[in-house]
Amino acid sequence: MDRIYTLFLNILKSALQAQTYTDTDNITQEQWTQIFSLSQYHNVLPLIYQAVYNCPALSGSMALRSKVRQLVMLQTVKTTEFLQLYSKLKEADCTPLVVKGYVCRSLYPQPDLRLSTDEDMLIPQDKFEKCVQIFKEFGLDTETPAERFTTEYEIPFRKTGSPLYIELHKTLFPPDSQAYGNWNSFFTDVFDNAVMVDGIMTLNHTDHLFYLICHAFKHFIHSGFGIRQVCDIVIYANAYGAQIDWQKVFDNCKVINADVFAATLFRIGEKYLIFDKEKANYPAGWSACSQDETNMLADMLSGGVFGGSTMSRRHSSNVTLDAVVADKKGKKAGKSLKGTLFPPAEKLQSRYPYLEKKPYLLPKAWASRAMTYAKELRSSKGNSAIDSLKIAGSRVDLLKEYKIIK
Amino acid sequence: MKIKKQLIKRDIAGDTILVPVGKTVYDSNGLFVLNEVATFIWDNLPELDTQEEIVAKILEEYEVSQEEAAKDTAEFLGKLREMQIID
């Protein structure tokens, strides 16, 4: 493995245990730069820096120290505001389930070092309007027009002058996604089986672990997932393993062809991070179905926090998603951009709403899309159609390697 | 002593920092970085009412002179009053 990746993972492992990483004598300045760059890609800079800030080579890095300070301070503000919002929702008997972000963060040695761009809340349909009302009273607002509230599965809310960003979900996955819309069926009774963790209502531990796996899996199918998601999953499993119905998680993963993916993810967690099989009650049988993690790990580390390290990579997600959908329909998964360049009308309706009533304008939408893509190609680095195809091809191979598609 | 502003203490890469949150975000300037003694005083502030009580607490915890403890306490409380964090 690339030395930078090895160093990065070793430092991260120390960080997750609130330890200082001391084997820093032979790290050059150039390597430090690459490590911190990688840390930013994966949104784990404060964690990494916390583990190495005492290293003599970093004593002059005031800009970096200042940046980390700002990031953590911002996260502290976000967390505080989030808890204030949550308290208002609870007072109004409109308690959502909180997933991912806050719940995972609270398990880290220093929670505010684990950054979140947003916080996710799941609300039952019948409380949605009331929840939006409370959001507005708290100063949150959305750019999503009210008439789309009934059709969108998640609505993003921001507060002016605040870093708080909430994604309010009616379902955990977009129901109209052909690749993973049906995953919502695993979570239909989450409100009845919810648990309270540190005063916050959330999914029970079996559901939550499965959801974290699904979320990472969804991103893997798109353009990749990052090391922070592995950290969340292994920390969560370590903390709540004794309360997790592993058989249920395994069975559910098998249904969606995520069993090998998840087993390999846990293998990465054990080999490179802090996954403790015994502590987590991890079943031996699941280890047995993991694949060699080399390619998944390389894909993860090169992809950034949600596989979005370059535009080419992001564009490759159209091909991998199409491959998964094709496989679900019993068709052979291809690597071509044809379906991506000329998608059907229903795939483009959210971006081009006129297609709903006028599907015959589909060629116009294709042309508009092609022009937008051409503009992006001209204006951004790391964005080329040829690269997208290459990346897409290798990522489809990954989907086959980890038995997600045939 | 009553703390008038919303500040949360965080340890970030060796520094102890008071992070303004809530409404304090809008009316605070500068960065509050605490040294070891200041951190100790901050942690005990809600339970102590007077400067003398704080000095006594420091003397229980640290091997310093009465004079030094009183000087550090006065200096830190002065800064907190200047920033309107306490009365």
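Guide: I'll go through the charged pairs one by one, with their surroundings.

First, some ground rules: this is a predicted model, so local features need a pLDDT of at least 70 and side-chain atom pairs count only at pLDDT 80 or more, while totals for chains, interfaces and linings use all residues. Residues are numbered from 1 along each chain as its sequence is written, chains are lettered from A and ligands numbered from 1 in the order in which they are written, and side-chain values use heavy atoms, with hydrogens and water left out.

Over all chains, the count is 18 salt bridges, each one a side-chain nitrogen of Lys or Arg within 4 Å of a carboxyl oxygen of Asp or Glu. Start with A:Glu119 and A:Arg105, whose side chains pair up at 2.7 Å, N to O. A:Glu119 belongs to strand β2 of chain A and A:Arg105 to helix α5 (residues 101-105), so this pair ties together parts 14 residues apart in sequence. (Helices, H or I of at least four residues, and strands, E of at least two, are DSSP runs numbered from the N terminus.) A:Glu119 counts as buried because its relative accessibility is 4%, and A:Arg105 is buried too, at 1%. The cut-offs are under 20% for buried, over 50% for exposed and partly exposed in between, using a 1.4 Å probe and protein chains only.

Stay in that neighbourhood for a moment. A:Leu122 sits in strand β2, residues 119-122, and it is buried because it has 4% relative accessibility. Beyond four places in sequence, A:Leu122 touches residues including A:Pro96, A:His169, A:Lys170 and A:Phe191, where contact means heavy atoms within 4.5 Å. A:Lys100 has a positive phi, about 60°, without being a glycine. Most residues other than glycine have a negative phi. A:Lys100 counts as buried because its relative accessibility is 13%.

The next pair is A:Asp207 with A:Lys248, at 3.9 Å from N to O. This one bridges 41 residues of chain, from helix α7 to helix α9 (residues 246-255) of chain A.

A:Phe261 is in contact with A:Ile213, A:Ala216, A:Phe217 and A:Phe220, among others, leaving aside neighbours within four places in sequence.

Over in chain B, B:Asp87 and B:Lys4 form a salt bridge with their closest N and O atoms 2.8 Å apart. They are 83 residues apart, B:Asp87 in the segment after α4 (66-82) and B:Lys4 in the one before β1. B:Asp87 is exposed at 67%, and B:Lys4 is partly exposed at 43%. There is also a network, in which shared partners join A:Arg65, A:Arg69 and B:Asp15.

That brings us to the interface. Chains A and B each put 16 residues into the contact, and about 1,300 Å² is buried between them, 61% of it from carbon and sulfur atoms. (Buried area is the accessible area, 1.4 Å probe, that two parts lose on being put together, summed over both.) Three salt bridges cross this interface. In one salt bridge, A:Asp112 meets B:Arg10 at 2.6 Å between the closest N and O atoms. On chain B's side, β1 (7-12), β2 (15-20) and α1 (24-27) each give two or more residues.
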